[in-house]
Every structure is written in C-alpha cells, then in structure tokens.
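Consider the sequence and model shown here.

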Amino acid sequence: MKLSDYDLILFDLDGTIYNGPELIDGAKETIDFFRANNKYIVFGTNNSSKTRVQIAEKLNSLGIKCEYDEVVTSAFLAYNLAKKLKLSDVYVVGSDSLINKFSNGGIMVNQTESALNLVIGYDIMITYEKLTTAFRIAMNAHTIISCNEERNYPSNNNELFPSCGGIVKAIEWCANRKSDYVVGKPNSFMIDYLIDKYGINKKRILIVGDSTEFDVQMAKDSGTDYICIHQDNSMINYVRKISDIPNLFK
Ligand SMILES: [Mg+2]
C-alpha cells in the first residue's frame with residue numbers, strides 16, 4: 001500500500017476507534033499518522049441515535065481532535081436522502097435526536113398513522129404501539145428509508161443487544177414490504193456523499209474498519225480500498241490491531 005494513493009481515510013468507530021466509553025489502543029496514533037500526512041479524516045458510523053455533534057464531542061473527550069463535519073452517521077445520510085427526494089409528511093422511528101434532525105432540518109414530521117413516508121432508525125424506546133403505527137404506514141408508504149440493517153451490538157461489558165436491523169426487519173416483515181433505501185453501511189451512500197463533498201475519486205478513499213459484513217463489504221461494493229482490523233489477519237489488507245496500520249505504509 002502506498003500513502004500517496006489516498007486522499008481520505010474513512011474510519012469506522014465502534015470496535016475500531018472505541019469500544020463503548022474506551023478508546024482503543026493505538027487509535028489516536030494511527031489517526032495522527034494520517035493527519036500528519038495531510039489526509040482528510042472522516043469517521044463513518046451506522047449509529048443513527050447520536051448526532052454528528054454528539055459523536056464529535058465524544059471523540060474530542062477521548063483525546064481525538066475532530067470537527068462535527070468529519071463525522072458521517074446513517075441518520076445524517078437518511079436526512080440527506082429525504083431532503084434530496086423532497087420527502088415531507090414523514091413518520092420517524094428513532095431517537096429524539098433523529099426526529100429533531102428531520103423536524104429542525106425543514107422536513108415535515110408527522111408522528112401519526114396518517115404519515116405518507118417512513119424513516120426507520122435505532123430506537124431504544126421502541127414500543128408495540130410505535131411498531132403498530134410504523135407497520136401500518138409501511139403497508140402503503142410512498143417511500144421507506146431505513147438507517148441500517150445491523151443485527152446486534154455489544155454493550156460495554158460485551159453483552160449483545162438488538163440493533164437497528166431488528167426494528168427495520170420487524171416492520172418490513174409485518175408489512176410484507178422492503179425498505180426502498182437502506183443508507184447505512186454496507187451500501188454506498190456514505191462513499192457517494194464523500195466523493196461529492198470532497199470532490200475526489202473513490203479510488204482515493206481508504207476504509208478502515210473491523211467488520212467484514214459492513215466495512216469490507218462497503219469497500220468491495222463501492223470499489224474503494226480497505227484495511228480490516230480482525231483477529232484473523234491471514235488475509236491481505238487484514239491487520240490484528242489498529243496500531244499495526246502505519247507500518248503498512250513504511
Ligand atoms: Mg465496527
């Protein structure tokens with residue numbers, strides 16, 4: 001791998017930069033290495049329950065300097081797509097921050113069964129009542145945008161919890177209808193956004209992540225290069241620790 005081949009490094013967050021509240025060893029040094037070599041740094045996550053500002057604050061509190069516009073979330077991508085499609089009258093399944101992103105961003109939110117469109121994100125406060133409303137809207141919705149289809153995620157002490165995909169699939173199953181768009185990884189919306197925002201070719205983007213299903217798959221589907229942090233590092237472009245990455249370029 002040659003450093004001069006890349007303009008932008010897209011880092012995954014959970015399991016790559018931090019685990020819950022803890023920074024992963026070597027993450028800061030690896031980011032600093034790329035910053036020192038004048039690469040754009042972007043943090044991309046399927047997390048749809050936190051704003052870009054909240055995630056940037058977390059990174060800064062962990063000692064990683066970051067501006068909010070260096071963060072891309074599936075919530076942000078869902079909002080961008082809804083804007084582009086000129087959606088209005090949207091029911092949002094998700095956290096308050098996801099709902100506020102839409103209502104404060106000039107998209108008419110309608111949290112009743114009469115809504116014409118549906119956005120589905122991770123919602124820790126999901127109830128049978130909300131599922132009922134969302135499923136009834138989904139049956140006749142004009143457009144359904146889902147944030148991501150992740151199955152589960154580990155908590156701070158490694159217990160697993162159902163992720164956004166569990167909510168998306170429940171609604172799709174009951175309504176016998178698929179989402180029209182799934183904006184999170186491994187789909188290419190994140191890469192398309194970066195190509196557009198930074199005005200670069202996809203070949204100049206390097207993805208760094210820990211998930212074969214989401215990070216590596218997104219790289220393969222969108223034609224960008226990747227480095228995967230994985231216990232099985234027998235494959236090319238796989239390393240065991242994030243701190244091993246600078247050595248690949250020496
Ligand atoms: Mg990850």
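The report below covers a sheet, a strand pair and a helix pair.

## Basis

This is a predicted model, in which local features need pLDDT of at least 70, side-chain atom pairs count only at pLDDT 80 or more, and totals for chains, interfaces and linings use all residues. Residues are numbered from 1 along each chain as its sequence is written.

Helices (H or I, at least four residues) and strands (E, at least two) are DSSP runs, numbered from the N terminus.

## Open sheet

An open sheet of 6 strands is ordered β5-β4-β1-β12-β13-β14, with parallel pairing; two strands pair if DSSP finds at least two bridges between them. β5 (71-73) and β14 (238-239) are at the edges with a single partner strand each, so one side of each lacks a neighbour in the sheet.

Strands β1 (residues 8-11) and β4 (residues 40-45) pair in the parallel sense over 4 bridges. Phe11 has Phe43 in β4 as its bridge partner.

## Strands β6 and β7

In strand β6 (residues 90-93), Val90 and Val92 on one side and Tyr91 and Val93 on the other are all buried (20 or more other C-beta atoms within 10 Å of the residue's own, with C-beta atoms placed from the backbone). β6 runs parallel to strand β7 (residues 117-120), joined by 4 bridges. Val119 in β7 stands opposite Val92.

## Helices α3 and α4

Helix α3 (residues 74-84) packs with α4 at an angle of about 25°, with the axes 10 Å apart. Axes are lines fitted to C-alpha atoms, for helices over the stretch in contact, and angles run from 0 to 180 degrees between N-to-C directions. The two helices, α3 and α4, are therefore roughly parallel (angles under 35 degrees).

Notes:
Buried ≥ 20, exposed ≤ 12 C-beta atoms within 10 Å, placed from the backbone. Parallel < 35°, antiparallel > 145°, perpendicular 65-115°, else oblique.
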